[in-house]
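Here is a walk through a structure that may be new to you. Have a look at it first, and then we'll go through some of its parts.

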Amino acid sequence: MKLDAASTSGLSEREGTDALTRDDRALLLRYMLLMRLAEERGLALYKQGKVPGSFYDGRGQEATCVGSAFTLGPRDRMCILHRDLGAHFVRGVTPDRYLANYMGREGGVTGGKDGNMHFGDRQLGCVGMVSMLPDMAQVAAGMALSFKMRSEPRVAMTFFGEGSTANGQWHEAMNFAGIHRLPVVFVLENNQFAYSTPTDLEFAVDPIQRAKSYGFPGVSVDGNDVEAVFEVSRVAVDRARSGDGPTLIECHTMRMHGHGAHDDMSYVPDEMLEEWSRRDPIELYVRRLADEHGFEAAEIDEIRESVASYVDECAEKAVASPMPDPQLATAGVFAERWEPLGDGEAPWSRWSQADQGAAGSANGHAPPDGDPGKLVEHGRAA
Amino acid sequence: MAEMTYLQAISDGLREEMRRDEAVFCLGEDIGAFGGAFKVTDGFIEEFGADRVLDTPLAENMIIGASIGAAIEGMKPVAEMQFADFIACGFDQLVNVAGKLHYRQGVSVPMVVRLPSGGGFSGGPFHSQNPEAWFIQAPGLKVVAPATAEDAKGLLISAIRDPNPVCFLEHKGLYRHVKGEVPEGDHAVPLGEARVAREGGELSVIAYGSSVPLALQAAEELDEDIEVVDLRTLNPLDAESILASVEKTGKVLIAHEATRSCGVGAEVASLVSERAFEWLDAPIRRLTTPDVPIPFSPPLEQAVLPQLDDMKEACRELLAY
């Protein structure tokens, strides 16, 4: 995979794939399939009338969110967006809670308080998105600011689409992150359309070129190549963790469905969809696993089948989840006390190996005394 | 106790909390070396360093958004809007992110937004507003508006300790004109509790912020049996204190400098009519700024902001009813 040479200052070229074990690779495939099949199930539930409102998925963008989220350690934090279901799964959300959230059920991540992809499991180190984009870039920068102030080697990562780069808040977040060299990784998902608006009506210059003007590197990558996304994210996360500041990663990908299920995508040329469907991130990766890493067809089939049966099981659980008690509608406007976020799962083998070797120091040191962050106990590495 | 101005009391409360809790830090425009447009953080950068007295770019959504992220991770940011008016530029982060996070996801956001508000000094349409009602319409935000030096310190300390986003309206007209005895050291005034600023039996003036000293002066000059209730916290409102005063006096004047329609006065009037109708001996009256931008030129500004004579006249009319 070729990085955009014009914008890679501070980042190394992709150095092969030696950061991943065979098991890691199987996991990358598993998470991408989990996203694909869970979203297909969600769409089916929508068509059955079980999902209030509309339905939004990230079909075609599985490699982007899985590859980037896979690099994070337990105590890192994420603000995940609506095309990034795979990142939730990497951090430990289960598909039943995702599907239940879409159906407004008690078992959903927000318990019915918010819908569709507007969720984040605070127990898994995630702050869920709002509809205003790219608001979470500012929040992620703020989390990174706290890590920097307390000298904690932790990283915040967030996503936004190319459409969001037109909003003034994007500039505010990039500018602030650049000034203070915050440990934050911005993943720009260029999926070619902001709802129906093509990129040539969104900006005159590719937003990756702007990273330099904010004082940090930007790197473009094939967003449908999960290992390429993983590798640039790994470098960016390591840079952030070691105090070298933010990185903007632009993942070129394609939104293969409409903005929502109500959108027939009539504005997308057929040949464009055909071209991108030949670059399906899951099928690309299956071929690479077979060709370069000796995965047998039976092994791939086994992964597909086990993911499919897991999604079946989760869908049953979600459908069985009751609707929330209407009395909860007025509860929880105000907090009674501050509570720390929990830690996310960190399935990349680096974290479990480091855990075993360094007794919990895999993702940084213990925060200093008097620091409320110390309540966040380390150690949920898978 | 020490005598302080309202402004000194705010500084004192902020300094006290920053000394007590390392998680507390300030951020905003020109608050560091310059000490803030009104000098609330004067000398702070020398004591606490540039990391905890953080000069930000001119980017209000960033100030609020970064505060949210830091608050979620256990810091206690105190963000300064240079003027309350500029919260309009950070409103999205405040109402859509900060205000809704706990309801939607159980994520608490312990942050304070300091808002130098109010007119009376030819600040014009963009440096004089009283935007408190904007926040009350956005669920999830607490709203505080002290009227005395003691409360300015005590409410700020409570706001910093509160696990929710708190909008702290500090009236610029009170900064240097209001003085009072302020407890030294730790002094917390609980949020959500009104205060009877003056006891009386014939008329209740329900006020907050700059209208409290105005009401007290009017009551003294009229030498009438007027009770003045200082709301102190606008959300959540202390309904019981309001109702207790109305039950005692039977007549209600609600006074605030903010514009009239759908303001705090409208909410208090509704509360009284719903829950204290039987006790009323006169129609509920409001003394507010009319629904206009705040004009620049002194005679124009004085024509719209509630003045002492307006307060006295409104009290006299109700007492005579």
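Where is the place of Pro134(A)? Pro134(A) sits in the loop between helix H4 (95–102) and helix H5 (135–149) of chain A. Helices (H or I, at least four residues) and strands (E, at least two) are DSSP runs, numbered from the N terminus.

## Before going further

What you see is a predicted model, where local features need pLDDT of at least 70 and side-chain atom pairs count only at pLDDT 80 or more, while totals for chains, interfaces and linings use all residues. Residues are numbered from 1 along each chain as its sequence is written, and chains are lettered from A and ligands numbered from 1 in the order in which they are written.

## Chain A and its confidence

Chain A has 12 helices and 7 strands. Of its 382 residues, 55% count as buried. A residue is called buried if 20 or more other C-beta atoms lie within 10 Å of its own, exposed if 12 or fewer, and partly exposed in between, with C-beta atoms placed from the backbone.

The pLDDT (the predictor's confidence in each residue, from 0 to 100) has a mean of 90 in chain A, and 88% of the chain's residues reach 70 or more. Over residues 1–15 of chain A, though, the pLDDT is below 50, and this stretch has 37 contacts in the model beyond near neighbours in sequence. Residues 357–382 of chain A also stay under 50, and there the model has 59 contacts beyond four places in sequence. Two residues are in contact if their C-beta atoms, placed from the backbone, lie within 7 Å.

## The nonpolar core

The largest nonpolar core has 204 residues. Such a core is a set of buried Ala, Val, Leu, Ile, Met, Phe, Trp, Tyr and Cys residues joined through C-beta atoms within 7 Å. Among the residues with the most contacts inside this core are Met32(A), Ala141(A) and Val113(B). Helix H1 (residues 22–47) of chain A gives the most to the core, with 11 residues.

What does Ala141(A) touch, leaving out residues up to four places away in sequence? Its partners are Ala173(A), Phe176(A), Ala177(A), Leu182(A) and Val184(A), plus Ala66(B) and Gly69(B) from chain B.

## Where the chains meet

The contact takes 40 residues from chain A and 33 residues from chain B. On the chain B side, helix H3 (60–72), helix H4 (91–98) and helix H5 (101–105) each supply at least two residues. H3(B) has the largest share of that side, 9 residues.

The side of chain B that touches chain A divides into 15 nonpolar, 13 polar and 5 charged residues. Here Ala, Val, Leu, Ile, Met, Phe, Trp, Tyr, Cys and Pro count as nonpolar, Asp, Glu, Lys and Arg as charged, and the others, Gly among them, as polar.

## Two domains in chain B

Chain B is assigned domain 1 (2–182) and domain 2 (195–320); domain bounds come from an automatic or database domain assignment. The C-alpha centres of the two domains lie 26 Å apart. Across the boundary, 26 residues of domain 1 are in contact with 21 residues of domain 2. The side of domain 1 that touches domain 2 divides into 13 nonpolar, 10 polar and 3 charged residues.

## Two helices of chain B

Helix H1 (residues 6–20) of chain B is mostly covered, with 12 of its 15 residues buried. Its end C-alpha atoms are 21 Å apart, in agreement with the span it should have, where the expected span is 1.5 Å times one less than the number of residues.

Helix H8 (residues 211–222) of chain B has 12 residues and reaches 16 Å from its first C-alpha to its last, close to the 16 Å expected. Its buried residues include Val212(B), Leu214(B) and Ala218(B). The buried residues of H8(B) pack against several elements of chain B, among them strand S9 (195–198) and helix H12 (308–320).

Most residues other than glycine have a negative phi, and most peptide bonds are trans. Leu133(A) and Pro134(A), however, are joined by a cis peptide bond, with omega about 0°. The bond from Asn235(B) to Pro236(B) is cis too, with omega near 0°.

Just after H8(B), Asp223(B) takes a positive phi of about 55°. Is Asp223(B) buried or exposed? Asp223(B) counts as exposed, because it has 7 C-beta neighbours inside 10 Å. Cys262(B) also has a positive phi of about 55° although it is not a glycine, and with 13 C-beta neighbours inside 10 Å it counts as partly exposed.
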